[in-house]
Amino acid sequence: MDNCILWTKAINNLGYGISWKNGKSISAHRKIYKETYGPIPTGLVVRHTCDNRACVNPNHLVLGTPKQNSQDMVDRNRQAKGCKVGTSILTEDVVLMIKSLSGSSRQVAKLIGCSA
């Protein structure tokens, strides 16, 4: 079966399916992996080969290290960039405007109302 199987129950704010066991939440893809393949070794994560966070198709779930999971994100161009980074305070429009200004960093910062 090659198509994604989407979790139809609760979804968290990141788009992952969630389930509950003994009063604790567990990611749906981890739950399905365990039920299908067995325990997840300490230090490993369950990665989606389909990049669909709500997918629970066991054929789309593989074990890997956190480093491999992060590399998947980079390779597939899914990492947050620019104003999509959670700690970002400048919009892309403001950055483009700043780049178009001339003057020292201190002068530009004063002009836009922040510190250099």
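**Salt bridges, core and hairpin in a predicted model**

Glutamate 35 is exposed, with a relative accessible area of 55%; here exposed means over 50% relative accessible area, buried under 20% and partly exposed in between, for a 1.4 Å probe and protein chains only. The structure is a predicted model, in which local features need pLDDT of at least 70 and side-chain atom pairs count only at pLDDT 80 or more, while totals for chains, interfaces and linings use all residues. Residues are numbered from 1 along each chain as its sequence is written, and side-chain values use heavy atoms, with hydrogens and water left out.

The side chain of glutamate 35 meets that of lysine 31 in a salt bridge of 2.9 Å, N to O, a salt bridge being a side-chain nitrogen of Lys or Arg within 4 Å of a carboxyl oxygen of Asp or Glu. Lysine 31 counts as partly exposed, at 24% relative accessibility.

Tyrosine 33 is buried at 10% relative accessibility, whereas tyrosine 37 is partly exposed at 43%.

Tyrosine 33 belongs to the largest nonpolar core, which has eight residues, including Trp7, Ala28 and Val56. Such a core is a set of buried Ala, Val, Leu, Ile, Met, Phe, Trp, Tyr and Cys residues joined through side-chain atoms within 4.5 Å.

Strands S1 (residues 18-21) and S2 (residues 24-27) pair in the antiparallel sense over four bridges, where pairing requires at least two DSSP bridges between the strands. Within their hairpin, asparagine 22 takes a positive phi near 55 degrees.

A further salt bridge joins arginine 47 and aspartate 72, with the closest N and O atoms 2.8 Å apart. This pair links distant parts of the chain, arginine 47 in strand S3 and aspartate 72 in helix H2, 25 residues apart. Both residues are buried. Aspartate 51 forms a salt bridge with arginine 78 at 3.0 Å between the closest N and O atoms, and Asp51, Arg76 and Arg78 are linked in a network of salt bridges.

Terms used
Helix = DSSP H or I, 4+ residues; strand = E, 2+ residues; numbered from the N terminus.
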